[in-house]
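Have the sequence and the model side by side.

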Amino acid sequence: MTRTADPTVVIVPGLRDHVADHWQTLLAAKLDRVATVPPLEHDKLSLAARIAALDAVLDEIDGPVVLVAHSAGVMITVHWAQHPTREIQGALLATPADLEHPLPEGYPVLPDLERNGWNPIPRRRLPFPSIVAASSNDPLASYRRIAGLAEVWGSRLVDLGEVGHLNPGSGYGYWPRAEEFVRELTGETAAVSS
């Protein structure tokens, strides 16, 4: 199959938005064709506002797209995929946050998440290929719950081992496997700068 253009990678951050030393930010700096969903100025906890922000970024891109989501960004992606506005070539869904269960202190509480439309988590097959990269000791989600979600989404599940929430707080900045997964989802066509 001949591709007319290399895919654009769209970074879908979680609720913490832009973090300078986060693997998503570092990955974006290495890619030639990339766009990042910007932080919200208002309605920061609104799922509808987050989906609209993702849609706005996708609307500006011609050609194929691969989504790279982390934490609550995975849930934004999965909710968006229930009524997609365009085709997606594939998605990397890294350490999804289980927003149906109480999160650690400092994160939104369940009633606020429910009031803002995050629950229930969609449990339908995604309309594009996806990889769920799950941690065995994530404080924001149990591996068993994420494995179950990966199954209903039709995603390939990758056990990352004990990587916490795969964020700077867990000791992760640059994450080279992200590039490997993006290359897999793009069919080896994504140009990554040295």
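Predicted model: local features only at pLDDT ≥ 70, side-chain atom pairs only at ≥ 80, totals over all residues.

Q: Which residues of helix 5 are buried?
A: Start with the general idea. An α-helix has 3.6 residues a turn, so residues three or four places apart point the same way. Now the case here. Helix 5 spans residues 143-153, and its buried residues are I146, L149, A150 and W153. They cover an arc of only 100 degrees around the axis, which puts them on the same side of helix 5.

Q: Which residues are exposed on the other side of helix 5?
A: R144 and E151 are exposed there.

Q: What do the buried residues of helix 5 pack against?
A: Their partners are helix 3 (72-80), strand 4 (90-96), strand 5 (130-134) and strand 6 (156-159).

Q: What follows helix 5?
A: G154 does, and its phi is positive, near 75 degrees.

Q: Which residues of helix 6 are buried?
A: Read helix 6 the way you read a helix above. It covers residues 176-186, with A178, E179, F181, V182, L185 and T186 buried. Their arc around the axis is only 165 degrees, which puts them on the same side of helix 6. What covers them includes strand 1, helix 1 (23-30), strand 3, strand 4, strand 5 and strand 6. After helix 6 comes G187, with a positive phi near 70 degrees.

Q: Which residues of the largest nonpolar core touch the most other members?
A: Look for V10, L54, L67 and W153 among its 40 residues. Strand 1 (8-12), helix 2 (47-59), strand 3 (65-71), helix 3, strand 4, strand 5 and helix 5 each supply at least two residues of this core. Helix 3 gives the most, with 6 residues. There is also a second, separate core of 21 residues, which includes L31, I131, V158 and L185.

Q: What does L67 touch, leaving out residues up to four places away in sequence?
A: The list is V10, V12, L54, L58, T77, I88, G90, A91 and L92.

Q: Is T36 buried, exposed or partly exposed?
A: Compare its relative accessibility with the cut-offs: buried is under 20%, exposed is over 50%. T36 has 39%, so T36 counts as partly exposed. T36 lies in strand 2 (residues 34-36).

Q: How far apart are T36 and Q24?
A: Check both sequence and space. T36 and Q24 are 12 residues apart in sequence and 9.1 Å apart in space, C-alpha to C-alpha. Leaving out residues up to four places away in sequence, T36 touches I11, P13, A28 and V57.

Conventions: Residues numbered from 1 in each chain as written. Heavy atoms only, no water. Buried < 20%, exposed > 50% of the residue type's maximum accessible area, 1.4 Å probe, protein only. Helix = DSSP H or I, 4+ residues; strand = E, 2+ residues; numbered from the N terminus. Arc of directions from axis to C-beta. Contact = heavy atoms within 4.5 Å. Core = buried A, V, L, I, M, F, W, Y, C linked by side-chain atoms within 4.5 Å.
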